[in-house]
Structure formats: structure tokens, C-alpha cells
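Colleague: I am new to this one. Please walk me through it, starting wherever you like.

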Amino acid sequence: VEATDEWADEIRRLADLRDAVILAHNYQVPEIQDIAHHVGDSLALSRIAAGAEQSTIVFCGVHFMAETAKILSPDKTVLIPDEAAGCSLADSITAEQLAEWKSEHPDAVVVSYVNTTAAVKELTDICCTSSNAVDVVESIDPAREVLFLPDQFLGAHVRRKTRRDNVLVWAGECHVHAAINGDQLEDQARRHPGADLYVHPECGCATSALYLAEEGAVPADNVKILSTGGMVDAARASGASQVLVATEVGMIHQLRKAAPEIDFMPVNADASCPYMKMITPAALLRALVEGADEVHVDPATAAAARGSVERMIAIGN
Ligand code: 13P
Ligand code: SF4
């Protein structure tokens, strides 16, 4: 199936017929981003899903995102074009592992990145995304210990920003972002002096980016640690002519649309998320034709997880 005009017409017709809104994450392939009703980062899409008027949400992203939409809107039908679209970061902690960690720190507040399963969210006090992780931790009494999971690089960023030593961080990672390392960033920064650096906090190079700024190798104002949605906002407001982008490569499409005059270059052009790329034009068409794959979350788990997701939606931007 090619993403032709006929395909686009058929997707729109079927979406209307099903009373469906199509949401796409910034890492989706360009054709999917372009057909979606809304494109955004994890937090923005959660907010849109929570407020959607349509009875069906088609989530073009990975499974935990569709699951989060279902937790927020249990009465809606939530479809994902391929339910096998998982996430290596969400897989880096199980509910059993979290239960054990909690038992070692019974008074701690549990902050989970939204990249987690519903069963992990059920054991969580507040969820966060990359765009509000710092705000979420700052909303907690500084005297309380925090268990932050599962991403070690985002966790390190949160510890640096909040200057809280009592934030304990799980050693999980996203294999795509962990592979964007400090050496690659330094090399690209040297080749493109003067370029801005947009760095997603899940990246292995997030700390290196800040060292480059501290050492004066890159002007401090040029280094920005941002969520994917934050990158789009920064691009719109930017006067830069070149920007090095450290995140999944799907991001470049939305950035070029937001600021066509800027030359956006990936720090690692191989950083492509195989799960995000499972959502193809053919898969989206099939989802709308068949009403599949439908996302189910056990109602008791959803009810127990909902509070942590609603707190995430309420905090920060
Ligand atoms: P954001 O879009 O919230 O920055 O998250 C990035 C990500 O890796 C989602 O899987
Ligand atoms: Fe998960 Fe990483 Fe893919 Fe995002 S890019 S969905 S964190 S595996």
C-alpha cells in the first residue's frame, strides 16, 4: 500500500465513518504524520486523547501510548494499527521489579515515565513525560524520597535540574536513544560549529551535551534539552540556520515543517525506532477497515493507574 492521494482519501473517509480521531507521535513515518488529525509528543497526545470528542481513537505510536489513552478514556474504542509496536524502555522494568524496589523504600513517591506498562502505572504515584518530568518532581515535597523510573538518562537530567540527591533512578534505557552517544554528538558539533543542539533527555549524550556547553566547546545558549514537542516549539522561535538533532530520526519531518528555513541534521541518522516504524500506511488502512488492533486494559488496572496519569496531565507543559 502506497501513501497515495487515494489512500489518504480512503483513510479520511473511514475515519469519519468510525467517528475516529487519528493521533500520531512525532517519530511516526512522514506519511502517517501528514494524515493524522494531531501530531505531537507523548504529553500533548495524552491530553488530546483525554479530551477527544470522537468515540474512537486511532493511536499511531507505540503500545504504551495507546494504553495510556485507554486508561484515560475507558469508554472509548482505542485502536493501534499494530499491537506488536512495543518499546524497549517500557520493557526495562516490570511491575514485579517495581514492587520489590518499593518494598525497599516504603515511604518514597514513585514517579514513572509514561513509557511504562499499565501494570507499572498501577504502582505509580505520578506519571511524567520528558516535557514535564522536572515539574512533576518539583511538585513533590523535597523531604520525600523519589523513585524515578525507568529511564536513567532522563533521571540524571531530573536530578541535575532539581538538585535533589534523594531522587533514586532506575537503570533502564531506550535502545534507540542510548545509542546516540557523546562521541557522535561531539563529532557533529565539531563539524558544525555554531549549530544549535536539540537533545532529547533519553539520549546517552544528554550529559555530554551539557559538558560541551560547560567547557565552552559549544555556546551554552545553543544547547537545549527538550521533549519532541519542545523541539518543534524551539524551532518555530529559533533564528538558527543549522540545528543538530539528537533524537529518533522521525522527528526531522515535523521540524522541517515547523521551520523550513533551518537546516536540521540528525546526530545519528541510524537512530530509528523499529517499533514506531511498524505503523505503516498499510497498517493504518487495515486498522480502519477492520477496527483492529483494539487495545484492552483490565478495568481494575485502568482504574488504579488513572490517578497517576491524570496527575501527569495536570502538571507543567
Ligand atoms: P516525547 O515525545 O514525550 O518527547 O517522548 C519521546 C519518546 O521516546 C516516546 O517514545
Ligand atoms: Fe520506546 Fe525508544 Fe521507541 Fe520511544 S524511541 S518508543 S522510548 S523504543
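## Helices, sheets, ligands

Modeller: In helix H4, Thr68, Lys70, Ile71 and Leu72 meet Ala302, Ala305, Arg306 and Val309 of helix H15. Two residues are in contact when their C-beta atoms, placed from the backbone, lie within 7 Å. Helices (H or I, at least four residues) and strands (E, at least two) are DSSP runs, numbered from the N terminus. This is a predicted model, in which local features need pLDDT of at least 70 and side-chain atom pairs count only at pLDDT 80 or more, while totals for chains, interfaces and linings use all residues. Residues are numbered from 1 along each chain as its sequence is written, and chains are lettered from A and ligands numbered from 1 in the order in which they are written.

Colleague: At what angle do the axes of H4 and H15 cross?

Modeller: The axes of H4 (residues 63-72) and H15 (residues 299-314) cross at roughly 100 degrees and come within 9 Å. That makes H4 roughly perpendicular to H15. Axes are lines fitted to C-alpha atoms, for helices over the stretch in contact, with angles from 0 to 180 degrees between N-to-C directions. Under 35 degrees counts as roughly parallel, over 145 as roughly antiparallel, 65 to 115 as roughly perpendicular and the rest as oblique.

Colleague: Which strands does H4 lie across?

Modeller: H4 lies across E1, E3 (56-60) and E4, and runs at about 160 degrees to E3.

Colleague: In what order do the strands of that sheet come?

Modeller: The order is E2-E1-E3-E4, an open sheet of 4 strands with parallel pairing. E2 and E4 (77-79) stand at the edges with a single partner strand each, so one side of each has no neighbour in the sheet. From one strand to the next, the twist averages 20 degrees. Two strands pair if DSSP finds at least two bridges between them.

Colleague: How many bridges join E1 to E2?

Modeller: E1 and E2 run parallel and are joined by 3 bridges. Leu23 has His38 in E2 as its bridge partner.

Colleague: Another sheet, then. What is the strand order in the one with E9?

Modeller: E10-E9-E11-E12, again an open sheet of 4 strands with parallel pairing. Its edge strands are E10 (223-225) and E12 (263-266), each pairing on one side only. E11 (residues 242-246) and E12 pair in the parallel sense over 4 bridges, and Val243 has Phe264 in E12 as its bridge partner. Helix H11 (residues 206-214) lies across E9 (196-199) and E10, at about 150 degrees to E10.

Colleague: What about the ligands? Which residues are around ligand 1?

Modeller: Asn26, Asp41, Ser42, Leu43, Asn115, Thr129, Ser130, Ser131, Cys174, Glu202, Ser227 and Thr228. A residue is near a molecule or strand if its C-beta atom, placed from the backbone, lies within 6 Å of it. By class, the shell around ligand 1 has 2 nonpolar, 8 polar and 2 charged residues.

Colleague: And which residues come nearest to ligand 2?

Modeller: Of the 13 residues around ligand 2, those are Cys87, Leu89, Cys174, Val176 and Cys273. The shell around ligand 2 divides into 9 nonpolar, 3 polar and 1 charged.

Colleague: Last topic, the backbone. Is the bond from Leu149 to Pro150 cis or trans?

Modeller: The peptide bond from Leu149 to Pro150 is cis, with omega near -10 degrees. Pro150 sits in the loop between strand E7 (146-149) and helix H8 (152-162). The bond from Ala292 to Asp293 is cis too, with omega near 0 degrees, and Asp293 is in the loop between helix H14 (281-290) and H15.

How values were computed:
Ala, Val, Leu, Ile, Met, Phe, Trp, Tyr, Cys and Pro count as nonpolar, Asp, Glu, Lys and Arg as charged, and the others, Gly among them, as polar.
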